[in-house]
Amino acid sequence: AESTGSDKTWVIAMDTVFRPFEYTDEKGEFVGIDVDIIKAVAADQGFNVDLRSLGWDAAVTAVQVGQADALLAGASITEERQANGWIFSDSYYDSYQVFAVKADSGVESLDDLKGKTIAVKNATAGAQYAESLKDEYGFQISTYEDSPSMYQAVVLGQADACVEDKPIMADNIKTGGLDLTIVESTASEVAPYGMAIMNKDNQELLDMFNKGLQEIKDNGTYDEILNKYLGE
Ligand code: GLN
């Protein structure tokens, strides 16, 4: 690990409840794959981080207005975001969007969603995916602020389905004991996660992240982190 010699502390904006990438555990500690990755990368590259658990929307805004230096929140690398000034790191996890329904709903494909209400999380890749399908499949969209309220909407019957990143959905169903089923046939293309900056002045942080990410992949730390949160 090489030190940059800078004692600047980089402010990293994150989601709040996006388990297993970031969440507060039973002990009240903010943990998850994103949290462990940035801590390991910062230790490897010799920089300091101030992690802010803000929620998705608020985290994006914080980086846009310069209150935070980077966004690390399971952010999907999309061309639309890149065209809008988001500058992504190398990818650190492959993910995709998928629909989930109540276990007994009988929904097996996008064709079964005609006339239904789909819950999405505001300004996410999942919301965008649902938006891109809604005219073709004839469903309506209802927007929620965070992942738990989106899942609750389906559990409580206020919405018929929800769309989110597969690993988050799988974890929520498992750890939350939610009566929901993932409908694999509704999956989007794979879009990897990256850390994002929105101001070119923070390129130094992105470079350190990319270097450190490669280091922790090479030395086994990255696999340990994934195993810790995704292993059986
Ligand atoms: N991966 C999704 C996106 O980039 C969701 C991110 C999130 O909700 N934290 O929009």
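This is a predicted model: local features need pLDDT of at least 70, side-chain atom pairs count only at pLDDT 80 or more; totals for chains, interfaces and linings use all residues.
Now zoom in on one pair. Strand 9 (residues 117-121) and strand 11 (residues 161-165) pair in the parallel sense, over two bridges. Here Ala-119 stands opposite Cys-162 in strand 11.

What lies across strand 9? In the loop between strand 9 and helix 4 you'll find Ala-123. Ala-123 has a positive phi of about 60°, even though it is not a glycine.

Next, a pair of helices. Two packed helices are described by the angle between their axes and the distance between the axes. For helix 1 (residues 33-45) and helix 8 (residues 221-230), the axes come within 10 Å and cross at roughly 160°. Angles over 145 degrees count as roughly antiparallel, so that is what helix 1 is to helix 8. The crossing of helix 1 past helix 8 is right-handed.

Which residues make the contact? The table sorts them by helix.

| Helix | Residues in the contact |
|---|---|
| Helix 1 | Ile-33, Asp-36, Ile-37, Ala-40 |
| Helix 8 | Thr-221, Tyr-222, Ile-225, Leu-226, Lys-228, Tyr-229, Leu-230 |

Sorted by type, the residues of this contact of helix 1 with helix 8 come out as eight nonpolar, one polar and two charged.

How many salt bridges does a search of the whole structure find? Seven. One of them joins the side chains of Asp-15 and Lys-121, at 2.7 Å from N to O. This pair links distant parts of the chain, 106 residues apart: Asp-15 is in the loop between strand 1 (9-14) and strand 2 (23-24), while Lys-121 belongs to strand 9.

The loop between strand 1 and strand 2 has another detail to look for, as Pro-20 lies there too. A cis peptide bond joins Arg-19 and Pro-20, with omega at about 10°.

Definitions and conventions
Residues are numbered from 1 along each chain as its sequence is written. Side-chain values use heavy atoms; hydrogens and water are left out. Two strands pair if DSSP finds at least two bridges between them. Helices (H or I, at least four residues) and strands (E, at least two) are DSSP runs, numbered from the N terminus. Axes are lines fitted to C-alpha atoms, for helices over the stretch in contact, and angles run from 0 to 180 degrees between N-to-C directions. Angles under 35 degrees count as roughly parallel, over 145 as roughly antiparallel, 65 to 115 as roughly perpendicular and the rest as oblique. A crossing is left-handed if the near helix is turned anticlockwise from the far one by less than a right angle, and right-handed if clockwise. Contact means heavy atoms within 4.5 Å. Ala, Val, Leu, Ile, Met, Phe, Trp, Tyr, Cys and Pro count as nonpolar, Asp, Glu, Lys and Arg as charged, and the others, Gly among them, as polar. A salt bridge is a side-chain nitrogen of Lys or Arg within 4 Å of a carboxyl oxygen of Asp or Glu.
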